[in-house]
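Hi everyone, thanks for making time for this. I'd like to walk you through one structure, so please have a look at the screen.

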Amino acid sequence: LQTETREFAAMLFTISAYLSLAICLFGLIYRIGRWFRLQIGATSDSPNPGQRLGSAAAAGLDLIFSRRLGSVLLALGKDVVLQQHLFRQDWRRWLMHMSLFYGVILLVFLHALDDQITRALFPDYASTLNPYLFLRNLLGALVLTGAGIAVIRRRAIRALKRFSAPSDHLALFLLALVVVSGILLESTQIISPSIFDQMVIDYLGDDDPELVEPLKAYWAAEYAVAFSPPVRETDASLLADGKNVHREFCAECHSPPQSAFVSYAVARAIKPMAGFIDRQHLDLYLWYLHFLASFAALAYLPFSKFFHLISTPINLMVRAAGNTSTNTPANRLTRRAMGLDACTHCGVCSQHCSVKPVFQVIDNHTILPSEKLGAAEKAATGRQRPVEAVELAEGSHICTLCGRCTIWCPSGIDLQDLWQASLKDLGCNGYSDPHSWIRTRSIARWAEEARQRRSDAEPPPPVRLADSPDSFWACVQCTTCTAVCPVVAASDDPQRDLDMTPQQIMNLLRMQLKELALGCRMVWDCVTCYKCQEHCPQGVKVADVLYELRNEACRRLKPTGPIMSNAAKKVPEPEE
Amino acid sequence: MDKGANDITCDLMVIGSGMAGMAASLFAANRDIDVVQVGITGEINFASGLIDLLGVHPVETQRLRKNPWTAIAELVSDIPTHPYAQLTPNQIERALDEFLAFLRDAGQPYSAHPNQNTRVITPVGTIKTTYAVPASMAGGAAALATRIPCLLIDFYGLKGYSARQIKENIGKNWPDLRAARINFPDLKGELYTEKMAWAMETEQTRQKLVQSIQPHLGDAQAVGLPAILGIYRTAQVLADLQDALGLPVFEIPTMLPAVTGLRLREAFEQRLPRIGIRSIYQHKVTGVEALNDGTFRFRIGNGPAEQTVRSRAAVLATGRFFGKGLYAQRTGIKETVFNLPVYQPPDRTRWHHKDFLHTEGHLINQTGLEIDNHFRPVDGNRNLVYPGLFAAGSVLAHQDWMRQKCGSGLAIASAYGAVSGYRDLLA
């Protein structure tokens with residue numbers, strides 16, 4: 001059975017290793033290929049993927065033979081190796097990221113690829129020897145620390161907690177699973193008597209009790225192996241003999257177990273359950289878990305935020321290369337697509353977003369840059385549903401393009417440029433303003449909708465300006481508001497372009513026909529210049545009322561779900 | 001109100017920016033009185049541009065008067081409480097002259113016959129008796145008087161103005177009156193006179209309009225248009241059209257608010273500050289305190305924009321109901337700034353005549369402030385309320401300016417009377 005199990009384990013390892021490697025490679029090709037395919041802010045005469053690849057290669061070649069190579073390498077040193085920019089922003093985040101980054105990278109090279117790399121560099125390598133034994137534990141502890149800080153950060157910062165996605169936690173979970181399963185595996189191996197027996201067969205080549213009994217005692221005492229039945233650990237002369245046997249046969253490959261400061265501690269803790277663990281072959285299952293989790297992480301890499309391991313350093317270096325070679329139309333498109341992938345969803349941009357307060361009022365995640373990026377990606381890849389486009393349009397238009405997110409982005413993404421390009425795309429697709437949804441129906445249809453929804457809704461809203469007779473009692477329909485309105489003046493046919501004029505809207509409200517006013521284009525095109533209100537001879541708060549109507553329409557009619565799926569897409573052309 | 005040191009101080013506070021308020025400010029500034037004027041854009045937007053003096057007396061018989069001065073003499077003897085009775089004809093005439101001279105200097109000349117009212121065409125084709133007409137409308141009065149062949153133009157989309165209706169109403173005795181409806185250049189849908197007037201200030205629009213009118217000219221010797229011939233350069237717009245058409249052109253008043261009111265408002269709002277008026281337009285008096293030394297302190301506006309003005313005296317020119325100088329409550333009619341005693345019918349049932357269109361009019365249209373011969377409000381026992389407070393315009397009692405056709409004349413003359421009263425008080 002043992003041989004069969006071993007064979008099965010080896011086969012499972014090999015298959016899953018190659019499978020995950022294949023997935024990872026294809027994924028990488030797909031993701032990197034996307035940098036040259038995705039179109040954000042493109043025009044009809046934009047270059048094709050081939051041309052973009054060529055432009056990027058040309059820029060790369062140009063860079064290698066230019067002085068700017070120095071600044072790129074400097075950026076590599078400062079921003080990738082030392083991650084100085086993170087340290088300047090927040091030393092705790094720097095600590096978190098350095099722990100995760102170096103923990104994972106070094107574990108991969110030192111441990112996961114030990115046969116390929118470590119042994120090649122250090123011929124006397126053995127996983128149970130120091131410094132490798134110690135370093136593995138140290139790096140594992142670092143990864144766990146980093147992941148711990150990351151989880152705490154995502155929980156403690158309220159805004160961050162609100163928009164942390166399952167994928168953020170899944171990535172951390174996978175890392176933690178790999179490390180924890182590794183530590184547990186090492187602990188069970190430490191205490192395993194079966195492994196001890198196997199090693200004795202392999203390395204002593206002798207089952208002479210004279211040699212094995214002292215060695216057992218010594219290993220039980222010093223290496224925490226849990227023998228069943230227990231051996232006499234306290235017999236000094238036995239231990240001394242055991243030590244001699246150990247020196248002769250084992251010490252060459254086994255450093256003191258205390259160096260494995262994490263797994264040795266765990267081993268001590270689980271030693272009482274050793275019998276159970278050994279009988280159930282838990283170490284075997286932990287081994288499955290460990291390598292399957294690792295390969296899962298490998299396969300997941302191109303499709304998750306792990307990909308930023310590759311995309312972000314490249315993005316940082318491209319940024320450091322400056323605009324001279326990357327600012328061609330083709331490379332601009334490529335940089336934008338690369339920027340999408342360089343995002344780690346760390347949320348720093350959103351923490352510093354100028355219009356974050358709007359997010360407190362309007363529950364639209366795409367107001368925040370970190371979320372808008374995801375929505376823009378969906379739009380670029382054509383996976384966006386109309387209702388999401390409506391949301392993105394709203395979020396994008398609330399953005400003031402102040403550029404703070406670009407300044408703060410630790411991945412060096414030119415977000416400002418991305419937003420401008422994305423706005424352009426939205427405009428081309430008919431989402432030219434945040435409230436394009438209101439244009440999808442006639443005022444009568446909206447009125448009907450508003451009345452229906454009112455009946456579903458809770459108690460009627462409190463009396464506001466637009467509902468109060470006091471607001472309009474003095475209105476004499478003199479048309480002064482309409483006559484001074486610059487929006488009316490800008491139209492050569494107000495009825496066609498605006499549905500109704502301000503004074504007509506005031507009249508609707510006087511007649512308690514507020515619902516009919518909600519969809520009026522006049523309400524939505526009002527620029528709140530307040531000329532109407534200032535000129536009203538009767539002191540009617542015309543502009544305030546229009547503003548209130550817009551807010552109310554948003555509250556009552558703004559599409560929130562599938563209702564927009566058929567309506568949102570097309571903006572009707574004005575009839576001639 | 002705190003006794004802030006930041007009070008604006010002045011000699012005379014004019015409350016109201018309608019015809020009476022503007023006139024009071026003008027007369028005071030012309031007499032070197034230090035004035036602060038406050039008021040929201042109000043009734044002056046609703047001015048037709050025609051300056052009535054007295055067109056009808058007595059209202060019961062609806063008798064149209066040819067000579068306003070003989071009519072005023074009769075009015076004063078029939079209704080001794082009418083505000084005109086506090087002034088001599090000479091004073092009224094001087095007030096009108098001064099007022100019209102200001103408008104002439106502001107580029108808005110008027111035409112008036114010294115002892116004769118003028119008959120003008122209204123937008124619905126009735127005839128109105130008035131005193132002074134804007135020069136741009138004088139041609140219409142002349143055409144009406146001589147009944148020369150005349151073309152009236154109106155526009156698709158312009159509400160409340162129908163050339164056809166005018167022709168139907170006054171064309172019986174004027175066979176050569178014709179009407180034509182055309183498109184206004186570059187505007188569609190419902191038209192607004194202010195927008196049209198803005199457009200008319202451009203040469204391009206005028207040229208296009210002339211081209212649209214020309215095919216309809218026929219044998220016409222004059223062309224009548226609604227009052228849309230610009231806001232700031234009416235004289236030039238008019239001259240341009242006359243040159244291009246080769247015929248006299250005149251304006252007919254439109255429904256209100258009209259460009260004619262805008263022209264007046266612009267003239268005052270732009271020129272009064274130049275002659276020393278400190279104006280606080282777009283604001284209302286929100287509180288007043290009569291101090292022991294006889295002066296007033298006014299609170300202007302609300303919130304952070306609040307200001308205070310301290311003045312030796314004040315002219316109350318807040319208008320009646322539309323101007324919000326008076327406010328009709330269920331229990332009676334109130335004066336809104338000082339809560340002054342208001343002359344009014346004994347109870348609400350008497351406010352209106354049972355017959356809405358009765359020639360006698362309604363008692364509520366006689367309500368307002370009673371005054372002494374210095375235009376200072378008095379109570380029911382004819383005791384002064386505040387020695388430094390004067391009143392002018394439609395807020396005054398015992399006049400029915402709409403039926404008597406004396407609105408502008410009353411505003412101007414009573415403003416003159418109030419400013420004179422203030423000067424008498426100083427003397």
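Predicted model: local features only at pLDDT ≥ 70, side-chain atom pairs only at ≥ 80, totals over all residues.

Chain B is built from 11 helices and 19 strands. Taking the contacts in chain B with a separation of 6 or more, 67% of them join residues 24 or more positions apart.

Now to the nonpolar cores. The largest one has 84 residues, and the members that touch the most others are B:M13, B:I15, B:F27, B:F99 and B:F298. Take B:M13 as our example. Leaving out residues up to four places away in sequence, B:M13 touches a whole list of partners, including B:V36, B:V38, B:V285, B:F298 and B:I300. Further along the chain, B:V309, B:S311, B:A313, B:A314 and B:V315 are also among the residues that B:M13 touches. There is also a second, separate core, with 43 residues, and among them are A:A450, A:M522, A:C532 and A:L549.

A:S311 sits in helix α16, which covers residues 308-320 of chain A. Is A:S311 buried or exposed? A:S311 counts as buried because its relative accessibility is 0%. And what does its side chain meet in there? A polar atom of the A:S311 side chain lies 2.8 Å from the backbone oxygen of A:D341. Setting aside neighbours within four places in sequence, A:S311 is in contact with A:D341, A:A342 and A:W35.

Finally, let's see where the two chains meet. Chain A brings 25 residues to the contact, and chain B brings 20 residues. Together they bury about 1700 Å², with 53% of that on carbon and sulfur atoms. How many salt bridges run between chain A and chain B? The count is zero. Polar contacts are another matter: seven residue pairs, both partners at pLDDT 80 or more, are in polar contact between the chains. On the chain A side, the elements giving two or more residues are α27 (480-484), α28 (486-489), α29 (494-498), α30 (502-510) and α33 (531-535). The largest share, four residues, comes from α27(A). By type, the chain A side divides into 11 nonpolar, 10 polar and four charged residues.

That's my tour, and I'm happy to take questions.

Conventions:
Residues numbered from 1 in each chain as written. Chains lettered and ligands numbered in written order. Heavy atoms only, no water. Contact = heavy atoms within 4.5 Å. Buried area = accessible area lost by both parts, 1.4 Å probe. Salt bridge = Lys/Arg side-chain N within 4 Å of Asp/Glu carboxyl O. Polar contact = N/O pair within 3.5 Å; in protein donor to acceptor, adjacent residues only side chain to side chain. Nonpolar A, V, L, I, M, F, W, Y, C, P; charged D, E, K, R; others polar. Buried < 20%, exposed > 50% of the residue type's maximum accessible area, 1.4 Å probe, protein only. Core = buried A, V, L, I, M, F, W, Y, C linked by side-chain atoms within 4.5 Å.
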